[in-house]
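Please have the sequence and the coordinates at hand while reading.

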Amino acid sequence: MTDPIRVSAGRRGDGAIEAAVRAAEPGAVLVLEAGEYREALVLDRPLSIAAAAGVRAEQIVIKAVPGSDGAVLTVAADVRVWGVTIDAGDGTGVAVSVTAGAPEFGRCAVVRGRIEASSEATPSFRECTLSQSPAVGVLAADRSQVTLERCQIRDSGGLGVAGVDDAELRITDSGVTASAGIGLRLLGNAAAQVTNSTFEQVAEAAVQIEGASRLTMSASRVIGTGRTGVFAGGTAMLELNDCEVTDATGSGIACRQQARGSVSGTTVRDVGGNGIIAGGDAELALAGCRVERSAFSAYHADDRASLSAEDCHVQDTPEHGFRATGRASLRIEGGTVTGAAMSGIHMDGASDAEVSRCEISSTRVGVAVQTRRRPLFRLVSVTDTERAGFEIGKGSNPILSSCHITDAGSAGVYVDTGSSARIEDCEISDPAGSGVVVWEGASPTVTGLKVSGSGKNGIYVKDGGHGLFDRCTVSASEFPALHVGSEADPVFRACRIRDVNEDLALGEDARPVFEDCVTENVKISTLPVSGVVVTASSSSSSSASSSSVDGADSSPEGGAEGDTTGPETVDELLAELDALIGLARVKQDVAALVNLMRMVKRRTEAGLAPPPLSRHLVFAGNPGTGKTTIARLYGRILAFLGMLESGHLVEADRGALVGEYVGHTAPKTTAVFRRALGGVLFIDEAYALVPAGMSNDFGQEAIATLVKLMEDHRDDVVVIVAGYPEDMNRFVSVNPGLASRFSRTLNFEDYTPDELVEIVEHQTKTHQYELTLAAKAALAAYFSTVQKGAGFGNGRAARQVFQQMTELHAQRVAGMTDVSPEDLFHLRAEDVPG
C-alpha cells in the first residue's frame, strides 16, 4: 500500500487536488489539509479523498471555479470522498455529478448545488449534509441507484430529493427540511425506499410520486407541509408502514388518478384537509391507521376510487369519519369513529360500501346513507349520537344486519321516502326518539329487530308509509309501541310487544296488517291477536295523539333527494336497448326474454301457474362488447315488470367473492350477494372462480355458497355470469347446481369495423368533436386491419382510439399558426393512429 498523498491549498489552491489526482496511482489516498480549493474536478479512477487528521469538513472547501459551467466534482469511478465541503458557489448549481461507478461519500457537506446521479451509477452518501441548493438537492436519473444514510437536506430552492426515469433511491435515517418545493418527488418508473426519515417544513407536498413510480416508506415522519403530506398520482404504487403525518396544510395522504396505495400502522394528525383521501380510479388499502383532528372528513373516497380500511380509527373531525361520494366504493372492517361532528359514515351519489364490525360513537349522526347503490352494514355499533343512529335517505336501499344502536339523540333508524332498506337482526336501545321511523312512501323490510327503552314510539310509520316487520320485539317505549299513520299499510308478522303502557296508535284510515302478533304486560292493548287488517275505527283513536316522530313533521336535515324522473316503461327500456350500437343477436334474445316475462306476469295476474323459468343468464363474449350495459338494462326491465324489487346492479369478480384463508370466502360471497337482493348480481370473468387445474381452490366454496343463496332467494335476485365463451362453458360445467340454474346463454359478438367507427363517432358527438368523411374512411380501414384476438377490447378499444385521436389532433393544431374554428373540433384522417 502506497503512502497517502498530502494536498495543501497553498495561497489559492486552484487545481491542487486535480494535480494530485493526475499524479496518483489507482487506489491512492489523497489527504487534504484545511483550506479552500478552486476545482472542476474529474475523478475517473478508483482513489480516496479524505480530510487530514483533526480537520473538520467545514475547514476543507472544494469550490467551483469562477465561470465554470460544469460540476465541482464529477465522479465516474469507485472513489471514496470523506470529510470535505463541496461548494457550487455561483456555478450551474451542480456540486456533485456521478455518472458511473459506486462512489462513497461520508461526512461531507454539499452547499449551493445539487447532487446528481445518472446512467447506472450507484453512489452512497452517509452522514452528509446538503443545503441551499437553488433547485433540487439530490437528483437520481436514468438507472442510477442512490443511497442516502443519516443525511440531512436543508433549504432547497425547489425539490429536496427527486428520482426520475428508472432511478432508485434508498433513504435511511435522513431528513429533508425547509424545502421550497416538494420534499421527495418520483416520476417515470423511479422507485424509492424510505426508512426512519423525516420531512419537515416543506412548502409543497412532503412526498409526491407520479407516473409509474413506486415508494415504500416505513417508520418515517411528515411534519408541517404547505400542501398534501404524501401524494400518489398516475399509476404510482405507494406503501406506507408505521409512519406519521402531522400539521399538513392540505390532506395528510392522497391517492389520485390510477394510483395504488397500501398504508398500515400510520397516524395522520392535525391536517388542514382530509386525513386520508382516494379519488379518480385509485385503490387505497388501509390497515391499523388513525386520523385525529382533520379539518375535513377523516377518510374520503370520491370519483371511482376504492378505499378499504381494516381496524382504522377516527378521533375528532368537524365533518365525517368516513365519506364516500361519486361512484366510490368503501370497505370498512373493524375500527372506531369517535367525535365526528357530522356523520360517522356518510355516503352519497352512487357510492357503495361494505362495513363490518365498526364502532361509532359521539357523532351527530351515526351513519347517513344517501346513495342509489345497496351498501351493507353488518355488526356496526352506533352509540351516543346527537341525531339518528342511521339516517337512510330518499330512495336509498342499504342492508343493516346485526347492527346495534344505543342512546341515539332522536330515532334509532330513520327511513326516508322511497327507501326499501332491509334491516335484519338489529337491536336499538334507549333512543331519545322512536326506535325506527318509516317516512311517507318508504317500504323497508325489517326482520328480527329488537327495540327497547324508546323515548317515543318503538316503531313509527308515518302517514302513507309501508313496510314489512317480521319477528320484531318492542319493549319499554314511552309512547305506544307501534304508531301507524293515516293511510299507512305496514305488515306486522309474528311481532311481540311487551312492558309498555299502550301497544298501538293509529292514524285516520290507517290499514296495518297484523299476523300472529302477541303482547305481554301491556296496560292498554288494542293489538289484534289474529291475522287481520286493522283500521283506525277498530282502535283507540286517542292513542294517536300520544305518538310522535321526534318532534318533527318533515324529514331530517341532510336527507338525500329522491329520483325525480318519472317511471320507465318496458317500451322505453327496449328503445334504449335498440339504440345501442351493434349487438343485433343479443337485442333479439333480450326482446324474446322480455316477451316471456310479460307472459309470465299476465298469467300470474290471471291466476294461472307460471311456466318453468330461469332468469339467471350467461353472457359469453370478449371484453368491451356491452355485457355490463345489457345486464343493467335487464335489471331495470325486470324491476318494471315487478319481478325484481329495484333492479339495481352489483358488480363483482373473484376478488370480491373469494377470501384468502379458510372460512373467509362464504361470508364475502354472502355479503356481496345480499347487496344484490332485489337486483342483479353481475359476476365478470366468472370462470376465474374455478382456475383450470385447481380443484381445491377457495373459488369452489364461493360457487357452492352462491348456488345455495340462489336457491334460498330464487325470487329476489338475478345472477348474470360473464366472460370469454370457451371459459364460460367450462365454468358452468364444474358444478351441477350451476348448470341447472344457468340454462340460457346470450352470445356477445365482436363489433364489426363499421360498428366500431359508429362507437367512435358517438364519442366525438358526446365530446363536441366531428369526424370528417376522410377520417371515417381511415377509421374503417384501421379497424379492419386490427388484430381481434382474446385481448381486443371492442368498444373499449374504440374509446381508446378516440382518445388517441384527440391527442394527435391537439398536437397537430398546436403546430398550426392560423387556427380556424373548424380546426378546433374537426378530427381528420391524419388524426387516426397508426
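## Basis of the values

The model is predicted, so that local features need pLDDT of at least 70 and side-chain atom pairs count only at pLDDT 80 or more, while totals for chains, interfaces and linings use all residues. Residues are numbered from 1 along each chain as its sequence is written, and side-chain values use heavy atoms, with hydrogens and water left out.

## Cavities

A cavity is here a set of points, on a 1 Å grid over the protein atoms alone, where a 1.4 Å probe fits but cannot get out, and its lining residues have an atom within 4 Å of a point. Grid points are joined across faces, edges and corners, and the volume is the space filled by probe spheres set on the points. With this rule, two cavities of 30 Å³ or more are counted.

The second largest cavity holds about 40 Å³ of space, and its lining consists of Ile115, Phe125, Cys128, Thr129, Leu130, Val138, Leu148, Cys151, Gln152 and Ile153. At least two lining residues come from each of strand S15 (129-131) and strand S18 (152-154), where strands are DSSP runs of E with at least two residues, numbered from the N terminus. Eight of the lining residues are nonpolar, two are polar and none is charged; in this classification Ala, Val, Leu, Ile, Met, Phe, Trp, Tyr, Cys and Pro count as nonpolar, Asp, Glu, Lys and Arg as charged, and the others, Gly among them, as polar.

## Cysteines

The structure has zero disulfides, a disulfide being a pair of cysteine sulfur atoms within 2.5 Å. For Cys243, the closest cysteine sulfur is that of Cys289 at 9.6 Å, which is too far for a bond, and for Cys358 it is that of Cys312 at 9.7 Å, again too far. Cys243 is buried, with a relative accessible area of 6%, and Cys358 is buried at 1%, on a scale (1.4 Å probe, protein chains only) where buried means under 20%, exposed over 50% and partly exposed in between.

## Salt bridges

Side chains of opposite charge can pair when their charged atoms come close. A search of the whole structure gives 42 salt bridges, each defined as a side-chain nitrogen of Lys or Arg within 4 Å of a carboxyl oxygen of Asp or Glu. In one of them Arg143 pairs with Glu120, with the closest N and O atoms 3.0 Å apart. Arg143 lies in the loop between strand S16 (136-140) and strand S17 (145-149), and Glu120 lies 23 residues away in the loop between strand S13 (114-117) and strand S14 (124-126); both residues are exposed.

Glu210 and Arg185 form a salt bridge whose closest N and O atoms are 2.9 Å apart. Because Glu210 is in the loop between strand S25 (207-209) and strand S26 (214-218) and Arg185 is in strand S22, the pair ties together parts that are 25 residues apart in sequence. Glu210 counts as buried at 19% relative accessibility, whereas Arg185 is partly exposed at 25%. A network of salt bridges links Glu244, Arg269, Asp270, Arg290, Glu292 and Arg293.

## A buried leucine

Leu240 belongs to strand S29 (residues 237-241) and is buried, with a relative accessible area of 1%. Apart from neighbours within four places in sequence, Leu240 is in contact (heavy atoms within 4.5 Å) with Met217, Val230, Ile253, Ser262, Val263, Ser264 and Thr266.

Definitions and conventions:
1 Å grid on protein atoms, 1.4 Å probe; cavity = no way out; pocket = protein on both sides within 12 Å on 5 of 7 lines; lining within 4 Å. Helix = DSSP H or I, 4+ residues; strand = E, 2+ residues; numbered from the N terminus.
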